[in-house]
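Here is a short report on a protein model. Keep the sequence and the 3D view open as you read.

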Amino acid sequence: MRNVKVLWGMIAVLLIAVGILSSVLTARSFLQPAADPILEPPSKADHELTIASIGDKDITLRDLEQQLLQKHGKETLEQMIDHEVIRREAETLGIQVSESEIKRELERMQQGYESENDFYQAMEEQLGLTREQLNEDVRHKLYTEKISIQGIAIDDADVDDYIASHPDEFKATVLLRLEQIVTASKEQAQRALNDLAKGTEFARVAKERSLDDATRGSGGDLGWFEEDDPFVPAPIMKAAKSLQTGQISKPVEVEGQFVIVRVKERKVQSKGSPEAIREQVRKELALREAPPLKETMQRLREKWNVKVSGTY
């Protein structure tokens, strides 16, 4: 299925532009008298308001607006048009997107993240998307998909064939949260095991004995990994997969060092109920048969009589 993170990366550029232009409009609003309910066009004086200065060089609100419009104006306008024509088309067709659908899509996007909070934090740090912005983008995405596949029927047999031929895509993922103590020899590893056998906490032993600078400070915590993660050294993952939660491995040799592994937590991440998986597959197969998104948006723009000034 499609790479969701890449999709949101593309959307984020447009959102940043909207945020910047919104800030300019907010700055303009402060220039209006609070008691005057009638919005008036910004005056020449408003445009010439100095918002920054460097020595004898002033930067005005007009300067900022011009830069923003030149860099982001076209993309922001395109996004505004697309959202409006999608809204009108969905309303005309009677298409609805429920909160439960939005929730399911967000849950699907969260697969591969350690937690819901980690997912939202990554979206904000990497893409600049708040929870509210992400929620609205998902809503728009679902409306767009429903409009794109309107009238396209996918047989149950096609859904069954796809699921049968892509078993790895839908199997549950086992996630392991691992801790480690890295030592230089078997003797040092045995001393660490002796400490653990006496009841000393794993984190404390790691802080006192582990040679790994990256994890020693956090008590040897490596974080979460899928049980077939190719970036974890094979001996460590092999040892971890044989352990139950809380169990500690014998020392395993990795590149001349001896590592003790503990499975701190284990969880199984489902790809969804059989019904939800079938629904998702049906939609993806329909989207493959749908016209390209660019063609759909062009058709809707023509239908809704969109006209853009030659300025953009």
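T183 is buried, because its relative accessible area is 1%. Buried means under 20% relative accessible area, exposed means over 50%, and partly exposed lies in between, with a 1.4 Å probe and protein chains only.

This is a predicted model, in which local features need pLDDT of at least 70 and side-chain atom pairs count only at pLDDT 80 or more, while totals for chains, interfaces and linings use all residues. Residues are numbered from 1 along each chain as its sequence is written, and side-chain values use heavy atoms, with hydrogens and water left out.

## The whole protein

The protein has 14 helices and 6 strands. Helices (H or I, at least four residues) and strands (E, at least two) are DSSP runs, numbered from the N terminus. Of the 312 residues, 35% are buried. The protein exposes about 19,200 Å², and carbon and sulfur atoms supply 52% of that area. Accessible areas come from the Shrake-Rupley method with a 1.4 Å probe; for residues, only the protein chains shown count as cover.

Now look at contacts, meaning heavy atoms within 4.5 Å. Take the contacts with a separation of 6 or more: residues 24 or more positions apart account for 69% of them.

Go back to T183. T183 sits in strand β3, which covers residues 173-183. Which residues does T183 contact, leaving aside its neighbours within four places in sequence? They are Q188, A189, L211, Q257 and F258. The side chain of T183 also reaches two backbone oxygens: that of F258 at 2.8 Å and that of S185 at 3.3 Å. Such a polar contact is a pair of N or O atoms within 3.5 Å. Within protein, one atom must be able to donate a hydrogen and the other to accept it, and residues adjacent in sequence count only if both atoms are side-chain atoms. G256 is 73 residues from T183 along the chain, and their C-alpha atoms are separated by 9.5 Å.

S210 lies in the loop between α10 (202-209) and α11 (213-216). Is S210 buried or exposed? S210 counts as buried because its relative accessibility is 4%. Its side chain reaches the backbone nitrogen of V182 at 3.1 Å. Not counting residues up to four places away in sequence, S210 touches Q180, I181, V182, V205 and R216.

Axes are lines fitted to C-alpha atoms, for helices over the stretch in contact, and angles run from 0 to 180 degrees between N-to-C directions.

| Helix pair | Angle | Axes |
|---|---|---|
| α4 (residues 99-109) and α6 (residues 131-148) | about 105 degrees | 10 Å apart |
| α3 (residues 61-93) and α14 (residues 293-303) | roughly 75 degrees | within 10 Å |
| α7 (residues 156-165) and α13 (residues 274-289) | roughly 105 degrees | within 10 Å |

Angles under 35 degrees count as roughly parallel, over 145 as roughly antiparallel, 65 to 115 as roughly perpendicular and the rest as oblique. So α3 is roughly perpendicular to α14. Likewise, α4 and α6 are roughly perpendicular to each other, and so are α7 and α13.

Next come the residues in these contacts. Ala, Val, Leu, Ile, Met, Phe, Trp, Tyr, Cys and Pro count as nonpolar, Asp, Glu, Lys and Arg as charged, and the others, Gly among them, as polar.

Start with α4 and α6. Their contact includes I102, L106 and M109 of α4, and L134, V138 and L142 of α6. By class, the contact of α4 with α6 has 6 nonpolar, 1 polar and 7 charged residues.

Turn to α3 and α14. In α3, the residues are E78, I81, D82, V85, I86 and E89; they meet M297, R299, L300, R301 and K303 in α14. The contact of α3 with α14 holds 5 nonpolar, no polar and 6 charged residues.

Last, α7 and α13. D156, D158, V159, D160, Y162 and I163 in α7 meet I277, R278, V281, R282, L285 and R288 in α13. How many residues of each class take part in the contact of α7 with α13? There are 6 nonpolar, no polar and 6 charged residues.

## Two positive phi values

E255 has a positive phi of about 55 degrees, although E255 is not a glycine. E255 is in the loop between β5 (252-254) and β6 (257-269). With a relative accessible area of 80%, E255 is exposed.

N305 lies in the segment after α14. Phi of N305 is near 55 degrees, a positive value in a residue other than glycine. N305 counts as exposed, at 53% relative accessibility.
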